[in-house]
Amino acid sequence: MLPRILEQINAAGSVKTTRRSFLVASAAAAGAFVIGYGAAPVRAAGGAAVSTAPAPFDAYIRIAADGKVTVLSSQFDMGQGAYNGIATLVNEELGAAWDQITVVGATGDLKLYGNLAWGGAVQGTGGSSSMTTSFDRYRKAGAAARIMLTEAAAREWKVPAGEISVKDGKLSHGSGKVAGFGDMAAKAAKMPVPQDVPLKGRNDWTLIGNPDLRRYDSRAKTDGTHDFTIDVKLPGMLTAVMIHPPKFGATVKSFDAAKAKAMKGVVDVVEIPRGIAVVGEHMWAALAARDAVTVTWDESKAETRGSAAILIEYRNRAAGKPQAVARKEGDASKALAAAVRTVDATFEFPYLAHAAMEPLNAVARRNADGTLEVWGGHQLPGLYQGMAAGIAGVKPEQVTMHIMKVGGGFGRRATPDGDVVAEAVMIAKAIGFKAPVKVQWTRENDMRGGRYRPAYVHQLKAGIDGAGNLVAWQHHIVGQSIVAGTPFQGLIKDGIDQTSVEGASNLPYAIPNMDVGLTTMETGVTPLWWRAVGSTHTAYATECFLDEVAAAAGKDPLDFRLALLKNHPRHAAVLRLAAEKAGWGKPLAKGRFMGLAVHESFHSFVAHVAEVSVDGGDIRVHRVVAAVDCGTAVNPDVIKAQIEGGTGFGLGAILAEELTLADGGAVEQGNYDTYTPLRISAMPRVEVHIVPSAEPPTGVGEPGVPSIGPAVANAVRKATGRLITKLPMARGMQS
Amino acid sequence: MLIGKSKMPKLNINGIDHQIDAPGDMPLLWAIRDLVGLTGTKFGCGQALCGACTVHLDGQPTRSCQTFVGDLDGVKITTIEGIGGKVAETVRQVWTDMDVPQCGYCQSGQVMAAVALLSETPKPTDDDIDAALDGNLCRCATYHRIRAGVHEAARRLEA
């Protein structure tokens with residue numbers, strides 16, 4: 001899997017740890033624990049980092065002399081709470097006081113930080129996999145550290161280790177001896193590394209599953225002290241703003257920056273492969289000068305179709321035969337021909353922007369010794385490290401990636417070309433590495449910079465037999481592949497990009513004859529995963545269509561689904577729970593209507609019930625009840641927060657978000673006045689119920705998104721008799 | 001580079017006077033962040049559309065990205081770093097107790113807007129909250145908890 005990405009990442013060097021601190025690590029591949037001091041790496045003459053024995057970089061935990069515990073996270077936190085989850089796993093076993101703990105991002109060693117949900121071969125955060133990859137790894141790290149601390153105290157106090165108890169960051173013995181973690185950290189580092197670390201049974205957990213545990217990092221987000229990439233400030237640092245091509249595929253032909261260069265605070269205006277960078281002493285100097293630069297573009301290879309034209313092509317193609325088969329059972333064509341009743345619908349999904357609150361940015365600095373440092377939201381740190389090295393002309397192991405806190409991601413910070421990371425290094429290089437450079441996109445750069453949830457058209461047909469049974473299902477998905485032509489293209493199997501069909505090809509309903517097919521189209525618009533990826537459109541198409549079929553069969557949408565979910569008890573359970581808590585089937589206030597939907601994404605199961613009213617073209621969602629089964633609930637309150645937020649994110653998208661290209665190819669939206677995410681006045685009350693489970697933990701960052709859209713649409717259908725097949729609904733209600 | 005000292009805009013931020021070496025049309029946001037060095041006030045849109053840059057001007061919530069340093073003589077500017085007092089501390093405590101933030105990027109603005117609302121309207125309704133905070137985007141959609149948080153802060157402040 002991912003052959004090209006692997007090559008680049010494997011070429012990357014080791015993480016550099018500069019603070020002397022206690023380290024514990026689990027070498028997952030070797031199955032052994034290693035430990036050492038985090039001294040700075042000794043560099044060989046050739047520039048490659050060599051380790052001071054034993055294995056100084058292999059680290060999950062640092063304990064400083066003052067007792068402060070720093071967890072080194074393989075997973076990236078974009079606000080979803082991955083750091084908090086990993087801190088919970090570590091501390092369940094470690095036994096520090098919760099307020100001793102902080103978390104930082106770590107990178108550089110795939111054995112330590114490779115994502116086990118992806119086979120361990122790549123470090124990255126995505127597919128809502130952080131708890132899956134971390135669950136055993138970080139509990140074991142915490143347990144090993146506790147055992148070694150205990151052993152150190154036992155030797156110091158000359159008492160049996162078994163008589164020492166660990167609680168709230170303190171080691172204590174019945175004789176009255178007490179020591180803090182910090183007091184024992186240095187000695188603990190020299191203790192033998194335990195091999196088979198016993199873990200607590202789930203009945204003994206006090207942190208995992210505790211609904212009252214609060215995030216360790218909330219306070220700093222209320223007083224301005226939580227530092228993001230935009231807040232990085234280095235001595236002598238310059239700030240660059242970008243002028244990007246106005247159309248996808250356009251390039252710089254020539255530019256005139258004479259006027260801009262003469263402006264106060266402007267340091268340089270440079271051409272890089274991705275456009276023109278205006279470099280200033282600070283953001284405003286660069287921004288003010290940007291308007292004074294004139295650029296002539298070569299648009300000969302640019303995408304010039306508008307999105308309306310692209311969607312018409314997709315729609316025409318959807319009526320034809322799919323290019324590739326994603327799933328085939330029975331004979332759907334024959335069953336459709338024999339059906340007593342058939343239902344069909346064609347759905348249209350627009351491009352969507354991630355539009356995270358912190359516009360993309362990164363900082364690059366080359367040091368006097370030739371090493372390079374890059375600060376940013378490094379969601380795929382190994383890939384970006386290799387890219388940065390390639391641009392700067394240094395070895396990957398000479399590049400340190402500083403993983404920063406970021407203002408949202410939603411998929412946008414995991415790109416095949418590392419966009420802002422590449423730009424920061426390109427700009428720093430273009431000015432001769434004479435100063436550190438922060439590249440800061442404006443909102444317009446961010447909105448028009450591509451990497452959208454691709455547009456799709458879905459055509460569905462279903463057949464019902466004389467007894468009202470759903471006997472045939474044909475589903476044709478038409479759209480652009482997210483991974484084709486990128487380092488991730490190894491994910492395409494037999495012509496099927498899984499990210500285009502996920503949620504449709506694994507439809508859980510028992511239907512004897514089923515075809516799910518895909519036709520992959522090409523455009524110049526750069527696509528990307530957008531929170532919940534394929535399920536952002538497949539859930540809407542399948543779950544809305546299922547209600548249409550249920551109506552044609554004269555059945556209640558809940559009963560109809562449950563009858564088809566006999567072999568999928570986890571889907572059925574979340575659906576039942578959400579329906580029960582919402583009061584499905586009970587009388588509603590006048591003018592209120594309920595719709596429901598269920599969907600599995602990233603191995604988590606979510607059902608939504610939405611209570612809606614429709615006034616003319618205005619859709620108002622009053623109340624939402626969600627149920628989630630994500631296996632073992634590590635942080636129940638974070639799970640609730642993610643489902644609440646995912647609900648708002650998904651709702652905003654289906655109500656009013658669309659990114660369009662004008663005829664000619666220019667993006668029409670630039671800022672939040674024209675691209676309109678949900679605001680507080682449209683946010684419904686949301687109740688989240690978690691299904692108790694002892695299954696391994698799965699994710700919640702994405703699974704809250706897919707089923708809210710169809711739940712709302714199914715309620716609107718009840719209110720108006722109309723199935724909205726064209727998103728966003730603000731447009732679909734008019735057409 | 002230098003302009004006459006008398007022409008230099010003066011800003012009073014969190015009770016401290018700063019001479020700003022910049023033209024009067026520089027947005028307050030960038031002066032606060034890049035010249036004064038207070039980075040809690042965030043850049044989100046630059047067009048007064050998202051509220052991430054909200055500061056208080058004489059107590060009134062204002063978008064600093066569309067406020068200009070030449071227009072602020074005699075105005076008391078308060079940023080997230082400088083906002084204090086019972087209402088602000090209660091909002092911060094509630095935000096922490098209820099884990100309102102997710103990524104946290106918009107939350108400086110949300111807190112500034114919530115403090116201004118509660119200072120004017122001690123017992124806001126849902127509609128009051130929606131009206132006062134509709135200009136503050138949260139892409140993580142923490143709105144459900146923001147609304148609950150404002151109500152909880154109002155309750156604690158009344159107690």
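Colleague: Which residue stands opposite Val437(A) in E21(A)?

Modeller: Ala364(A) stands opposite Val437(A). This is a predicted model, in which local features need pLDDT of at least 70 and side-chain atom pairs count only at pLDDT 80 or more, while totals for chains, interfaces and linings use all residues. Residues are numbered from 1 along each chain as its sequence is written, with chains lettered from A and ligands numbered from 1 in the order in which they are written.

Colleague: In what sense do E18 and E21 of chain A pair, parallel or antiparallel?

Modeller: Strand E18 (361–366) and strand E21 (437–440) of chain A pair in the antiparallel sense over four bridges. Pairing requires at least two DSSP bridges between the strands; strands (E, at least two residues) and helices (H or I, at least four) are DSSP runs numbered from the N terminus.

Colleague: What is the strand order of the open sheet?

Modeller: The order is E13-E14-E11-E21-E18-E19-E20 in chain A, seven strands with mixed pairing. E13 (266–272) and E20 (399–403) of chain A are the edge strands, each pairing on one side only.

Colleague: Which helix packs on the sheet?

Modeller: Helix H11 (419–430) of chain A does, touching strands that include E18 and E21 of chain A. Contact means C-beta atoms, placed from the backbone, within 7 Å.

Colleague: Turning to the interface, how many residues of chain A are in contact with chain B?

Modeller: 47 residues of chain A are in contact with 43 residues of chain B. H17(A) gives the largest share of the chain A side, seven residues.

Terms used: Contact = placed C-beta atoms within 7 Å. Axes fitted to C-alpha atoms, helices over the stretch in contact; angles between N-to-C directions.
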